[in-house]
Each structure stands twice: as C-alpha cells, then as structure tokens.
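This briefing is meant for a reader who is meeting the structure for the first time.

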Amino acid sequence: MDRLLLFILLFPTITTSISYFVGKRNELYRNIINILTTLVNFLVILYMYKYIKEGTLNFQVTYVMGTGLNLKLNSFRYIFVLITSFIWFIVNIYSSQYLFNYIHRNRYHFFFMVTYISTLGIFISENIINLFTFFEIMSFSSYPLIIHDEDDEAHEAGETYMNMAVAGGMILLMGIFIMYSYTQVLNVSELYLVLPRIGPIKYVISSLLIIGFGIKAGIVPLHIWLPKAHPAAPTPASAILSGILVKTGIFGVMLTVIFLMDKDFYLSLGMVIFGFINIFTGGILALFPVNIKRTLAYSTMSQIGYIILGIGLMGLMKDHGYLAVYGTMFHIFNHAVFKVMLFMGVGIIYMITHELNINKLYGFGRFKPILKITFFIGFCAIIGLPGFNGYLSKTLIHHSLTEYLHDFSSPIRITVEILFTLGSSITTAYLLKLYISLFVEDNSKYYASYRKYINKRALFPMVISSIIIIYIGINPNIFERYFFSLYNIFSIDLHSVHTIQFYSLKNMFSSFLTIGLGIIIYLKYVLPNLRQEKNGHMDYFDKTRNWISIEENIYNPVFKFMFLVSTFILRIFDTLLLKIAAYISYSLRFAANIEFQTYPNPMDKLNSMIYSFYIKFKDRKSKKTKKEHKLKDKIKESYNKPHMKINLSELEGKIKDYELNAKENFKSNIKHTVESGKNIHIKEKTVNKIKDSEKITTIKKDFDETKYKMNSITYSIYLVGIVMVVVLLALIIFNT
Amino acid sequence: MNFAVLLPILIPIISGFIVGLSKPAYNRRNTIVISTTIINLFLVVYIVLFKTNTLFHMVKINELLNLYLMPDNIGKTFAILVSALWIFTTFYSIDYMGKGDGLNKFFMFYLITEGVTLGIAFSGNLITLYLFYELLTLSTFPLVIEKGSEEALRAGKKYLIYSFFGATMVLFGIILLFSQTQNLSFVPGGVVGILVYDNKNLYLMVYLLLFLGFGVKAALVPFHSWLPSAMVAPTPVSALLHAVAVVKSGIFALGRMTYFVLGWRVIDFTGGNRYTLILVLLTILMGSFLAIHQENLKRRLAYSTISQLGYVMLALVIFEDSAYVGGFLHMLFHATVKITLFFCVGAIMHYEKKTELSEIAGIGKRMPKTMISFSVASFCLIGIPPTNGFVSKWFLAIGGLDQGNYLIPIILLLSAFFTAAYLIPVISTAFFKGDPSKEVEVSEPKNFMLVPIILLAAINIILGFFPNWLINTIQATANKLF
C-alpha cells in the first residue's frame, strides 16, 4: 500500500492537466473534475488511516531528480496531509462558485491545483531535497493566485511575496547545503542522529532553516508579505494561504526544532520567545486595520504564535511534553478549520458588495442568519470559548505552559501567565470589533437579504466547517487515541501521559477570564480610541498608518542602499577594461598632438593641401549629406586639435608690451622736448625719432627673422650631424 | 577508418563552401543546410559509439606543430551537444533569417562554424585546439556583423580585438609551456607532473596566461564586454554564440587546459587558482547583478550568460569531484536552457518587433506556448527544483563547501536570487501585466521556430527529472581525474 503515497501526488497531477484543457472549453466540467479529484484524494487519505495506525508508509524511487524521490507518511505527517486534503476539498467547492466575475479563471484553477499537489508533497517528503523541491513549487505556484486580480495592489503584494519567497528559498537552500556538506545525510528520519553532534555549526544550519521556513510561517520580522498578500488575493486563495500554506512553514520549523535538532534547548527557548512576540504583534496589529482581510491576516499571525509557542514548549519539556504535542497539533488542525471558514464568510460578503472596508460594510450581516451564525461559530472558536474547538487546543497549550513553569520562581511564572492571558484576550478584542460592526450594528443599506447572490455551494463548506467545530467542541476526546499514537514519534515518555479534563471548572474560568479581559479591552480601548465621527457614523480609522513599518523603514532602505553600492562597484568592473583602453588611447593621442614648433611648419601647408584634395576626391566618390560632413569635420577638428602647445606666444606678448612701452617713452620724450621749448631743429630731430620709433615695430619681424635664422641653424646642425653620422658609418664600414 | 573522425569537421566546411560559392536558391539551400547538420549529428553519434581512443594525424611539421584529433569522453559529450543544438538552430534560423539575398554567405559561415567547433571538441592536443580556436573567431566574425550596420561593425571589431588579444596570451602561454614540457597532448592529470617543482613561478605564469587567454572567449571578467555588444547579431547567431559555440568552446578549452594539460595538482601546487577564483566569483556576481539593469531583453540574457559561465568556470578553479560534476552538468544544461531563452526572445523580436522589457506587457497571452517555454527555461536557469539547473548548482555548491569555502555557496545563492530578479519580471510582465480585460488573439510563431523552442523546453524538464544517467557518466570521468 506504499504506492498510495505516489497515487495521492500523481492522480491530481494527471487530472489537473486534463482539467486545464477541459477548462478552456467548459468551466462546469473542469470544476467537477477538480472537486472530484480532491474528493477522491481526501477519501484515499482517509482510507490510509488504517495503515497509519499500524506504522508508517514509505515509498522510494531512486532514479529521478538526482537524489531520488523518498516519500513517507506517519501519524505526525498524517494530520497535515488530512487537513490539507480536507480544506482543499471544501475550498474547491467554494471557489467553483466564487470566481464568477473574474477572468483567467482557468489559470487560477490550474495553479490552485498545482499548489495543492505541491503542498501534499511537502508534507509527505522524507528526503529534504524533495521537501525543498515541493516547497519551491508551492511558493511559485501560489504567486499567480495572489496576483490574480492583476491590479496595482495585487502586483505590489505579489512583488513583496515573490521577493520574500525567493529569498526564503535561497536561505533554506543554504542551510541544506551546509547540512549536507557536514552530515552527508538527506533523510529527515536519519538526520537527527547526526545533526545534533556536529558542533556549533548546527546552530547556523538550524537558524538558516528556521528563517527559510519562517518566512512562509510568518514569524515576526519576516511576516511582511502576509498582511499584504491576504487582502490582495481572491478569497479562496487567502483562505488557503492562511489555513494551509502558512502551515507548511510551521511544518518546516517543527521538523527543524523537534526532529532534526532533537529538541535543542536554545532553539526551543527561542521558539517560545518568538511565539510570544508573534501572539502580541499579530494581535495588536489586528486591532487597527479597517480592511477585514487584513485583520484576519494579522489574526493568523497571532494564532501562528500559539503554534510556535507550542513547538518551543515541546522542545523544552523533552519527553514530558505530551500536552504541548497534543495542543500544538490540535491547534494546527483547529486553526485551519476556523480560519478558512472565517475567510469564506468574508468572501461571500465581498462577492456581494465588492468591499472589504468595515466602515462601509457595517451592519451588513444583521439580517442574514446563516452567515451570521456560521461567522459567530468561527468567532467563538477562535477566541477559545468553551464548547468550541479553539478552546480545547488553547487550553492544552496553556496547560503545558503552566506545567513547564511549575519549577520556576513565582515572579517569572506570574509574568508569563499574565502575558499569555493578555495575548489571548487581544484576540477577543479585535474579533469583537469585526463581529459587532459587521453583524450587530444597524445599517439600512443592507436590509435586503441578497439571498439570490449567496450560492448554496458557498454556504455548504461553511456549514460543514461549523459542524466540525462544534462536534469537536462537544466531544473533546475523539482524537485522543490518535494523538496517543503520535507520542511515539515525538519520543514522549508514555508514563507521563494522563487524560485531560477539558471542561473542568478551572479551565473554564481561565477561558472566561481571558474573554472578559478581551471585552474590557474592546470597550475601554477600541471603542473610544479607534473611532471618529464621520457622516453620522462612528468610523474606524487606522492608527498604524503613521507607525514605523518594517518593510518601508528598514528593509527597503537597507536593500536600496546595498543595491546602489553594489551597482556602483560592479559597474566599475564591468567597464574596467574599456575605460583603461579608452584612457590609453586618449593619452596616446594627447601625446601625439603636443606641438613643439613655434613657427608654421612648411609641411603643414602641404599636408592641408593634400588633405583638401583628398576630401574633394572623397566627396566626389561618396555622396553623403552635408550634415554628416559637418559632423565628420567636427570630429576631425577635435582629433587634430592640439591639447597642449608649447610655443613662443608668451614671448610674442612680451614683444608687444615692449613695443607699447617704447611708444609711450617716445611720446613722453616729445612732450618733454616741446615743453622745454627747444628749437625746431631739435623738433625735427624728434620727428625723425618718432619715425624711428615706427621702425621699432619691425622688431617683431626681426624676431621672426632670428627665429628663422635659429631654425636654419638647427637645420644646419642636423645636416652636419647627419653628415657626421654618415661619415662615421662609412668609416666603420670601410675599416672593418 | 580513423579518417571518420575528420568527417564531422570536414563535411560542414565543405558544404558551407558549396552553399557560399554555388549560391543556391532558397529551398535548395535549406535542404543542404538541414541535411548537413542532420548527417553530422549521425556522424558524431557514430564516432561517440564506435570510436574509442582513435587517433587521427592531420599534419606533423615538427614536435610543436603536430596536429591530430582524438575524441575522448569529454570531447564526445561536447560534440553531441554542439551537433544536436545546431539542428535546432538551423530550423530556427531558416524561419528567422527569412528569404533575403545575402543569406548564402550567412549560411556558409554558419556551417563552417559548426565544423570548426567540432574540431575544437575532437582536438587531441593543445596546439590543434588552438588552431581551431583561432579559426572559430574568424568564422564567427561574419556572423556577428551580418547586419552590416555601423553598430554591428563596431561590435565585430570589438569581438575581434578581444578574441585575438586572448589568443595572443594563449599562444604565449603555449610557447612557454612547450619550452618546458615538449609535449602538449591531452592526458588526464596533465603532462607537467613533477616538472613543476623545478620552476613553480613559470608554471604559475603559464597557468594565468592560458586561463586569462581562454577566459576571453568564456567571458571572464574583465574580458567580458565583447559579449553584450555582440548582441547586435541576429538571434540564432547570438543563441549559438552564447549557448553553444563560442563561449562553450572557451570553457571547453579552459577545461582541457586545467585538467588535461597542466593538471589540477600542478595548478593547486602553484596556487594560481586562488587568483582566478576571485575573478570567477566576480564574474558570477557581476553578470547576474548587472543583468537586472538591462532593459533590452537580449542584453539581459547576455549578462545572464556571463554569470552562468562563471558557474561553469567555478568547476575549473575549485578542484573537487562534485564541483567538476556540477560544472560539467551546468555547461550542458546552460546550453539547452540559454538557447531556449534566446529563441523565445528572438521569436518575440521577429514576430512582434519588441525588444524591451517594458514593451512586452501581456505578450504571454498572445504567444502562450513561447512564453511558457520561456518560463520553464527561466526556472531552470534560476535553479528551482525539479529543473535541471538545480541539479548542477547543487553539485557546485557542495563542491565549494567540501573545500571549506563558505563564500562559494553564498555567492551562488545570491546570484540565483539575482537570476530570479532579472527573469521573473520578464515572466510576470508577459503574463500578468497589461490590460487584463482585453481579448487578444493568439499568434504563435511558425512551426519552424515554435517546434525547436518547445522541444528544447521539454528537454530541459526531462533532464531535470532524470539526470541520474548523465550524473553517473560524468562521475565516471571525474573518478579518473581525481
């Protein structure tokens, strides 16, 4: 029966590819195929319980994907597989009617099913590379679901999601690389024997793995995609995101902390701290938004906090932690059921009104009994009211926390106790805000029943989920036998296990205390502080809009800065060789154009004559436009332009100065002689002298002459030199 | 029948000259080109299967100029890759190039290049390889400047200058090496052996000269800039240049030099790989990072090629058997993946006249099959399992870690992230952007273009799912070397 493991992966693969092509023609048949597929898969998985009870299922194919395919199913994995197949089944029914007003429905359904297959694959893969493979497929195939609407909001959310998903995948892969390099083992069930014994590097490995999985799980500093993606995605997709996809991250974290690292103390402690941080951050942030889905997304974060806290407790309590195991696994199941149900309720509202803002939707569900009741059941379950399933798992986690703190000093115990109660009570506050404004307030706009808009296929999954919620709430011990088989896998000391009395007075009291505190927070903080008068209605407003956002104030600036710096550095390498070559050619040209002559070179004229002839000749040949020629000439000019000229222009300037001075001197002389009243003879003489002064202007000519003379001297020196060289050569030649 | 080894080199060259000189008409020319490439594949397969350790002497002038062919396992794998991808490109380019006049010349050099590349694959010693290597530059130059525009000519000039600059360094290195060893034949483990103890620095210099010289064709930073400029060539040519012929010849020559002439132990002793490792890591990082900045799709892919070639060169500077397996696999996988990507971009260029990223919004709805193939190839290049890119990157990273070098996997993953950052926007723009409500009519390329694209995409997926036989084959050669 081990082949059933392959069946639950291959069967949906085949039917999905069929339904994609069918869906191009006929939508009804496609939906039927998809629903039947998930139903058959669900039934097969239910049937597999028979074998799970007795042991594990294991299936291997060695010759594919490099490392082979290794699938395994035991009772720990079974709960994830079961909840996945069940939730997908009911959401498939739901989404068959949901997307009526949307385009690309076929694409949506295709990727919906691909995500389903890969999620199942994550939960049943034993080889860590197989797990990573399915994890990546799941990340990428859920992207088209998130950006399904293709508007700006969806694309922005999709971009954040994609960046986080790819980065998470890379970090995870880095962890797997190092792990494999140190242990040479890839199977999850063998790794715990090796990994805890390889020294401090194991903390590097496990933190890389936890970060990689934690991005999907929404652990606090890594959660930023979650509140963006949920409101942007269509409702069935956000239900799946919140109910199942987040659980894949949880599954990975659990695998790392409990199984791979064999309940390491420091990691478990870290998980407890992060659990509390998640409960509080998620809960507090859920108080503010006006978008319903955003509230629910933050609520998911807060509920994930309980699960992470449970994982931490499992690790801390080692083999006595049966309560933590029971509570955590139970909460994973319960959270999937009630959160998916709440999302489906929101989806119905959105389908009718195309609105998610509670300021516009207030009073919507006042006269819609089925919606109101199912939503109320979900609400009761999530806040942990006795009689509903959320109460059971929260009580268990609470119990295990108290049991762990039993040996600690009372200040620590009381602080943690208060923190836990406070964190849980916030859940009540934000859901009360949602519930009262949607279903209790009065709004004449929504008196109509909209019964014809609400499809039976939309209500059916909600009714099923609420039945499950209540049924589990009334029969709290139905899963006890199943969980008993789980303790073996978690290596729990079976002697420490006791039956739990869920509906004892003490438990009920602490639950009511929490809820009462929540109501007080709602009345004393939410109602007075988060609303303001607008058009005769008390509108909620989002206080967090001006708060520091991790994404915009930390991640984005840091990454932008790193991006710019690395661009700058790598650009240098990109153009390094070209720049060097350009610099060398420039400096060569520069050196070539330095002119040492101070007189017009007689060869220049000849050159220019030859050049002009050449140009004319070329003109005749090529009939190019004048513009091109001008451009070319300009380029040529710039080429021929000397960049430095060592010439005698300075000297020439000095000569001019000298001339001027001489003139002035003579003028002053004349004035002097006139004034002194000398005779005309002398005057004539001075006139002659003035004529002489004009001669002085010829000094320049004289200078030029001397230059020519100088040149002739140099030429003659050259000549003499050449003659001497020739003579020398001749002497050398003839002498030897 | 040792002569058979020469046939796959000779036949394309001869039929290339036939095409170039007799100037046949459109249909006749296509027949010649297609039949030549297909016959050549069969010949190569024949050699791969039936010719083991055959040695064919071409010319022997003296000990240095001793030209002979000797196909071994690595050469055979490369030859299969070349001759198989050449067929796809032939069909593609018949549609892409159209019915213009001067195409006989184009196809002449196109066929000659195949022969020369196979010559590189089958060469038995370094000097024969060098000869074909130089011929490759000359035979691809007319393909690069096919358009004849100013830009194409400038790019061609750049390509020539870079290539000959590299070849000069190689020649210098070969002469230095020959002066010491008197032997340039390919022997697993190298011909240098204990000679290295005599003159360590000389061998370091030889290694660096040969690495940088061959690295020019393999687009090693800082000798890479001919590659993005050579993008002016028609797409089948850029696909061939980037995926198969030129850059892979550079890599192949580097591999020959590292493992068969100098020997990795010699290089390890001289410590030369420490310097080249820096350049290779820089190549990986720079290529993928600067690809994000390119708006033009072909240029994006060109920078991507630079980075991916860095991955392959990683196997030549870290001497670990798993790195060797990874690098060799990546050489093959990158060839099939990159040629698919180029073909898709070329189809968009040819049929839709769009070259920039911003222009292709919504094109996935118009050309779904082409763009799905593009997406498949992109995922392969990023290395998302279960595609083939993951397999090769896995081996490379493990090889780096086995050496205790954490920088290598970090840079590999960083570069994979950048790869996602420059390819996923293309996919999401093509499929998810643009006017969503507008109905677009589907207009795929003609079958000559579409069938190679789809076949190549399918090959990528199949190789990703079943790489085990390939891994085992390469592992066998790796065991001989290490």
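Chain A is divided into two parts by the domain assignment, domain 1 covering 265-535 and domain 2 covering 709-736. Everything described here refers to a predicted model.

**Domains of chain A**
- Between domain 1 of chain A and domain 2 of chain A, the C-alpha centres are 108 Å apart.

**Chain B as a whole**
- The secondary structure of chain B consists of 19 helices and two strands.
- Along the principal axes, the C-alpha atoms of chain B fill a box of roughly 75 × 55 × 45 Å.
- The radius of gyration of chain B is 21 Å, which agrees with a compact globule, because a globule of 482 residues would have a value near 23 Å.
- Of the 482 residues in chain B, 59% are buried.
- When contacts in chain B between residues at least 6 apart in sequence are considered, 81% of them join residues that are at least 24 apart.

**Where the chains touch**
- The contact draws on 30 residues from chain A and 34 residues from chain B.
- On the side of chain A that touches chain B, the elements giving two or more residues are α5 (128-141), α7 (152-183) and α22 (550-592) of chain A.
- The largest share of that side of chain A comes from α7(A), which gives 10 residues.
- By residue type, the side of chain A that touches chain B is made up of 22 nonpolar, five polar and three charged residues.

Methods:
Residues are numbered from 1 along each chain as its sequence is written. Chains are lettered from A and ligands numbered from 1 in the order in which they are written. This is a predicted model: local features need pLDDT of at least 70, side-chain atom pairs count only at pLDDT 80 or more; totals for chains, interfaces and linings use all residues. Two residues are in contact if their C-beta atoms, placed from the backbone, lie within 7 Å. Helices (H or I, at least four residues) and strands (E, at least two) are DSSP runs, numbered from the N terminus. Ala, Val, Leu, Ile, Met, Phe, Trp, Tyr, Cys and Pro count as nonpolar, Asp, Glu, Lys and Arg as charged, and the others, Gly among them, as polar. Domain bounds come from an automatic or database domain assignment. The radius of gyration is taken over C-alpha atoms; the globule rule is 2.2 Å times the number of residues to the power 0.38. A residue is buried if 20 or more other C-beta atoms lie within 10 Å of its own, exposed if 12 or fewer, and partly exposed in between; C-beta atoms are placed from the backbone.
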